Structures are given as C-alpha cells and as structure tokens.
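This report describes the assembly shown below.

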Amino acid sequence: MDLYAQRKIYSVSEITADIKLALEKFGVLWVKGEISNFKHHSSGHMYFSLKDDRAQLKAAFFRNNNYYLKFRPEDGLEVLARGRLSLYEPRGDYQLIVEYMEPVGLGSLQLAFEQLKQKLRAEGLFEENHKIRLPLLPQKVGIVTSPTGAAIQDILRILRRRTASLDVLIYPARVQGAGAAEEIAAGVNYFNTRSDIDVIIVGRGGGSMEDLWAFNEEIVARAIFASEIPLISAVGHEVDFTIADFVADLRAPTPSAAAEMVSGAREDLRATVDSLSGRALQAVRLLIERRRSALERLARNRAFNIAPNKVRELQQRFDEAATAMTQAMARRLTALRHRERMLHTRLVKVDLRQLIARQREIVAGKRNRLHSAARVLLNSRRSKFEVAVGRIHALSPQAILERGYAICREANGAILRDAARVSAGEPVSVRLARGEIGCRVERTEV
Amino acid sequence: MKLKDFESNLKQLEEIVAKLEGGDLALDQALELFEEGVMISRFCNAKLEEAERKVETLIKTADGDLTEVPFTAEGGEPAH
C-alpha cells in the first residue's frame, strides 16, 4: 500500500490560498485589543498591531477608511476594531484590515476631545493672560453662526430688548457637518480683517456632541486663539463645553447669555456716569462750602477789627486836630484884625495933606538947588568950550589963510613948499582965504 | 476709535472725581476740573443714548467678494 498516496500534499501557494479562504470566512468581525507599534505613514495609511497579554495581530487601517477618525490612535490605547482578516500571500502575513475603530471605554469623540484639549492646553491656548478684555461699550458685534438657526434669533431678541445702538454683522456659516469647522474659522478670520468690529460672538444652539463637534476642531480653536478682537463663544447649552469655549476670551453658557454680555454694560455705564457726575458736583459744593466758612471764620477774627479800630482812632485824632487848628486860626485872625484896627486908627490920626505939602516943599527946594547947580556947571563948561573953539579956530588952515597966507599946489595937486620943485612956465594953483587962482611960474628963487 | 474714546473718557471722569474728592485743590482749579467733568459726562451720556442699530449679514457676490446686506428674520444662505 502507498502511504504517501493517502496524504494530501499541499504546495505553499495552495495551503496559503486555503488559509486565506478560511480567514476570509470570518467575514466582518470585531476585535478588541491594545494598539502597539502604531505607525501613521505619510501616505495616510495606519499600520499597527493589536495585542493582548498572549498574542498579537497585525492590522492595517487604510486612508480611505481612517480619514474620518476623530481621535488619535496611539500605543497603549485599547480599541475595538471592526474589519476583515486577510492574508498577504507573498509574505505569508495575515492581518486585520480595519474598516472602523473606536476606543474602548471613552467614546471616540470623547477621546478626541480629551486629546486635543491636552494638546492645546500644553501649547498655552487656554491661558488666562492671553484672554482679551471685552470693550466696555461695543459699537459693532460680528456673529459667526447659522443664519437660520435658533442662536441668531435669541441673540437679536436680547439685543433689541437691551440696547438701542449695537450694530450687528453676521457671517453665515454651517455650524455642523463636514466643512463647518472651516467655515467657522473663516468667519473669525474675516472679522479680524475688519477694523469696525469690536467683539465677536461664535455660537450655535444646543445639540449632541456630534452636532457641536465643529467647535472642537483644531482649526476653529486656532482661529479663535489668533483673534485679536475679543471673542465670546456661545455653543450649545450650559452643560456643553467645547474646545472653543476654553480658547475664547469669554464663554457664554448660551447665545442669549452672550447677547447679554455684549449689551449689559449700557445701563450700568449710564448709572456709573450719573454717579460720577453727582459725586463731582458734591465734591465741588463741599469745597466751596469749606472755603466759605473758612473765609467767614477769618472775617470774624479779631485781627480784622484791628484795622477798622485803628482807622476810627486816627479819624478821631484827625478831627480833634482839625478842630484845634481851626480854633487857633480863628484866634490868630481875631488878633490880626485887632492890630489892623489899631493901626488904622493911628493912621487916620495923621494929617496926610500936611505931610504931602511938606514933602512937596522939600522936593521943590531940592529941585531948585539942582537947577542952579546945573546952570553953573553949564556956564563954566560953555566958556571952556568957547575958549577951546577959539583955539582950534586959530589953528585951522582957514584962520591961517585969513592971516594972509596961501597954499600953493603943483600941477599934480601936491602942496608946494620948495621953489626948486618947479620951473618957469609951469602952471600952479594958489588957494587964498577966499577963492583960488591959477598961475604960471615966472621965475624961481632958491 | 470711538470705543476707546468712551472708555478713556470714563477713566478720565473717574480720575477727575477722585481729585475733586481729594479735597485740597485750589478753588479755581477745582472749578476747571468740574467743568471738564461735566463735558465728559455729557459726551458719555450722548454715546449711551445713541439709538440707531443695523443688523446685516454677509453674502458672497458673483466675483467672490463678501458684501453686506440687511438681515431679515428668515436669514440668508451661508457665505460658502
């Protein structure tokens, strides 16, 4: 008998193919295990092993299935993976091709939330000192929300009630579903490009964790962190906390609450301004009052009476002195009058006419003496004068001519004294006492 | 910005009141400060009294820009 003929002899390929079929018979199955050797390729594919304390199973989680994963798989994480077993013949490797995976215990969303929260907290995105204060009196608020949702209606209703003049600009965005996070982030970024927005509200109404998920996405968190305009997150109900709430400058438990936050100040501010005005008025009144009473006190002070008293005293002295002086003057006047009367009396006793006549006599006598003296003087002077005149006269050329002398002049008019100066025949003129004759020299005798 | 004006005005008003309440100002100084305070509080009250409000939403125009239009209660479509 042929022992070998009864055994089935498989080739490697054959047995491998059979094993593959057997594995594929499992169909879709769930495996629970701990992730180890996790690698996330740049291709997007994830490769890891699932293990427990005794065995391990290789796994592959390709990109087209893993893209939706919210949480980050990491070594040590216990997961539930759903997929199919497969065998890679060339290498004889079998592995679980994962179609879906979720963490055991925490929901995957929950896990993703915790992971992102830790990561961003470590980066400091939640720090208090990075949060900006809301402006006291905002003029324009930008709201990133769904234009058809309940949140915007709540907000507008509150604003209408509470404040007259807050302008609103809405950036319509999807608030759930694919792409919502990108739209919300775009809205926050857009408002930051404008210069007229004073505060931003990002929000939506209530919902499940999936509904609110966009507000847990990293892109929204980073956009909120980067916002230089103060930002309020108002997502869902009081109990819902999203990553956006942690990063925002302020968290409102509901959209209505956010509306109150931006508008509440107005009444308080009015009260503050009124109170300050009142205090200012009071303070000034008090100051004035204090000054006034200080002034009055001073005025009442004795020191201020010293001057009036002194003045009165001086006044009195002046009056007395004036009186005394007047009296003295009067007395003097009287005395003078008396003297004048006395003199007058004496005066009239004198006979003035006699006095005048006597004086006249004296004057006349003096005048006569003056005249006779003058006459005498005059006569003596006249005789002296006449004597002098006679003497002059005797000496004058005319007197000499009268005595018979003549003046002879040459032809040129020069007086002739020397006969030698002329010769016979020359004309000469001769002046006599009376008249003149023209002569011709007949002879000369020297 | 108007905003800063309100806040810094309010701050100034508080400072003025503190100075006036401090008590040892010269009288004419106090009156000057008081006048300034009155002007500031008038400005603040005017700001608080402003009563216009616009509610607008952004929509995308044909060439891809965003523009503002009045917002009606029914709302509009998302910007994207």
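## A strand pairing across the chains

In this predicted model, Val55(B) in β1(B) is the bridge partner of Val168(A). The pairing belongs to strand β7 of chain A, residues 167–172, which is joined to β1(B) by three bridges and runs parallel to β1(B).

## The mixed sheet built from both chains

The strands β7(A) and β1(B) are part of an open sheet of seven strands, whose order is β10(A)-β9(A)-β8(A)-β6(A)-β7(A)-β1(B)-β2(B) and whose pairing is mixed. The edges are held by β10 (250–251) of chain A and β2 of chain B; each has a single partner strand, so one side of each is left without a neighbour in the sheet.

Helix α6 of chain A, residues 180–193, packs on this sheet. Within chain A, the helix touches β6 (140–145), β7, β8 (199–204) and β9 (231–235), and from chain B it touches β1 and β2. The direction of α6(A) makes about 140 degrees with that of β7(A).

## The interface of chain B and chain A

How many residues of each chain take part in the contact? On chain B there are 44 residues in contact with 48 residues of chain A. Between them the two chains bury about 4,000 Å², and 62% of this area lies on carbon and sulfur atoms.

The interface also holds 12 residue pairs in polar contact, both residues being at pLDDT 80 or more. On the side of chain B that touches chain A, the elements giving two or more residues are α1 (2–22), α2 (27–49), β1 (55–60) and β2 (66–70) of chain B. By class, this side of chain B has 23 nonpolar, seven polar and 14 charged residues.

## Salt bridges between and within the chains

Side chains of opposite charge can pair when their charged atoms come close. Three salt bridges are counted between chain B and chain A. In a salt bridge of 3.2 Å, N to O, the side chain of Glu7(B) meets that of Arg133(A). The side chains of Glu7(B) and Arg133(A) are also joined by a polar contact of 3.2 Å. Glu7(B) is placed in helix α1 of chain B. With its neighbours within four places in sequence left aside, Glu7(B) is in contact with Arg133(A), Pro135(A) and Leu136(A).

Over all chains, the count comes to 22 salt bridges. Within chain A, Arg82(A) forms a salt bridge with Glu99(A), with the closest N and O atoms 3.7 Å apart. This pair links distant parts of the chain, since Arg82(A) lies in strand β4 (residues 78–88) and Glu99(A) in strand β5 (residues 93–103) of chain A, 17 residues apart.

The hairpin of β4(A) and β5(A) has four residues between the strands, and in it Gly92(A) takes a positive phi near 70 degrees. β4(A) also pairs with strand β1 of chain A, residues 28–40, in the antiparallel sense over seven bridges. There, Glu78(A) in β4(A) is the bridge partner of Glu34(A).

Five bridges join β1(A) to the antiparallel strand β2 (residues 46–51) of chain A, and Met46(A) in β2(A) is the bridge partner of His40(A). The hairpin of β1(A) and β2(A) has five residues between the strands, with Gly44(A) at a positive phi near 100 degrees. In turn, β2(A) is joined by six bridges to strand β3 (residues 56–61) of chain A, running antiparallel. Lys51(A) has Gln56(A) in β3(A) as its bridge partner, and the hairpin formed by β2(A) and β3(A) has four residues between the strands.

## The three-stranded sheet of chain A

Chain A also contains an open sheet of three strands in the order β11-β12-β13, with antiparallel pairing. Its edges are β11 (407–409) and β13 (436–440) of chain A, each with a single partner strand, so one side of each is left without a neighbour in the sheet. From one strand to the next, the twist averages 25 degrees.

Three bridges pair β11(A) in the antiparallel sense with strand β12 (residues 427–431) of chain A. In this pairing, Arg409(A) stands opposite Ser429(A) in β12(A).

Definitions and conventions. Residues numbered from 1 in each chain as written. Chains lettered and ligands numbered in written order. Heavy atoms only, no water. Contact = heavy atoms within 4.5 Å. Buried area = accessible area lost by both parts, 1.4 Å probe. Salt bridge = Lys/Arg side-chain N within 4 Å of Asp/Glu carboxyl O. Polar contact = N/O pair within 3.5 Å; in protein donor to acceptor, adjacent residues only side chain to side chain. Nonpolar A, V, L, I, M, F, W, Y, C, P; charged D, E, K, R; others polar. Pairing = 2+ DSSP bridges. Axes fitted to C-alpha atoms, helices over the stretch in contact; angles between N-to-C directions.
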